Amino acid sequence: MVDKGAWTQGGIAPDPTDPRVSFVKGVFQDALEPHFAGNGLLQAHDHYVIHIDADLYSAALYVLCVMRPMLDRATVIFDEFDCVLDEMKALDDSCRAFEKSYKVLGSAANCEKVAIRFC
């Protein structure tokens with residue numbers, strides 16, 4: 001267990017030096033779509049690395065649905081994949097809804113962290 005505040009940045013998102021990396025502060029439903037629309041990111045690159053650290057089923061499912069146009073060109077990393085009712089279930093439900101399949105590229109920490117590629 002980690003103490004409250006262990007990961008805080010005092011409300012300020014990190015400022016990455018790599019221009020390919022960005023952090024967006026906010027609730028997924030308010031921040032995700034405007035961020036992609038405003039930056040033209042849905043069509044900008046041949047390959048993406050998407051790290052989904054949504055924790056909850058509803059949040060992970062929302063992210064997967066919004067980012068669906070990018071997923072065929074992405075390696076997706078899940079951060080809490082070991083809970084079958086949250087990120088894992090969101091992936092399964094989105095794959096069934098959009099008729100997608102995936103292969104596991106690697107995992108760590110007893111499948112808590114998982115990297116996949118859609119096929």
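**Entry 1: the cavity**

I sorted the lining of the largest cavity by class and got five nonpolar, one polar and three charged residues. My classes: Ala, Val, Leu, Ile, Met, Phe, Trp, Tyr, Cys and Pro are nonpolar, Asp, Glu, Lys and Arg are charged, and the others, Gly among them, are polar. The model is predicted, so local features need pLDDT of at least 70 and side-chain atom pairs pLDDT 80 or more, while totals for chains, interfaces and linings use all residues. Residues are numbered from 1 along each chain as its sequence is written, and side-chain values use heavy atoms, without hydrogens and water.

I looked up the lining residues: L64, R68, L71, D72, S94, C95, F98, K100 and F118. Helix 3 (68–71) and helix 4 each give two or more of them. Helices here are DSSP runs of H or I with at least four residues, strands are runs of E with at least two, and both are numbered from the N terminus.

The largest cavity holds about 70 Å³ of space. I counted one cavity of 30 Å³ or more. On a 1 Å grid over the protein atoms alone, a cavity is a set of points where a 1.4 Å probe fits but cannot get out; a pocket is an open set with protein on both sides within 12 Å along at least five of seven lines; lining residues have an atom within 4 Å of a point.

I read a volume of about 1600 Å³ for the largest pocket. It is lined by 36 residues, and V21, S22, F23, V24 and H51 are the closest to its centre. Helix 1 (28–39) and strand 1 (48–52) each supply at least two lining residues. Helix 1 gives the most, with six. By class, I noted 22 nonpolar, ten polar and four charged residues in this lining.

**Entry 2: helix 2 and helix 4**

How do the axes of helix 2 and helix 4 cross, and at what angle? I found that the axes of helix 2 (residues 57–66) and helix 4 (residues 87–97) come within 8 Å and cross at roughly 40 degrees. Helix 2 is therefore oblique to helix 4. On the helix 2 side, Y57, A60, L61 and L64 make the contact (heavy atoms within 4.5 Å). On the helix 4 side, E87, K89, A90, L91, D93 and S94 make it. I classed this contact as six nonpolar, one polar and three charged residues.

Technical notes:
Points joined across faces, edges and corners; volume = space filled by probe spheres on them. Axes fitted to C-alpha atoms, helices over the stretch in contact; angles between N-to-C directions. Parallel < 35°, antiparallel > 145°, perpendicular 65-115°, else oblique.
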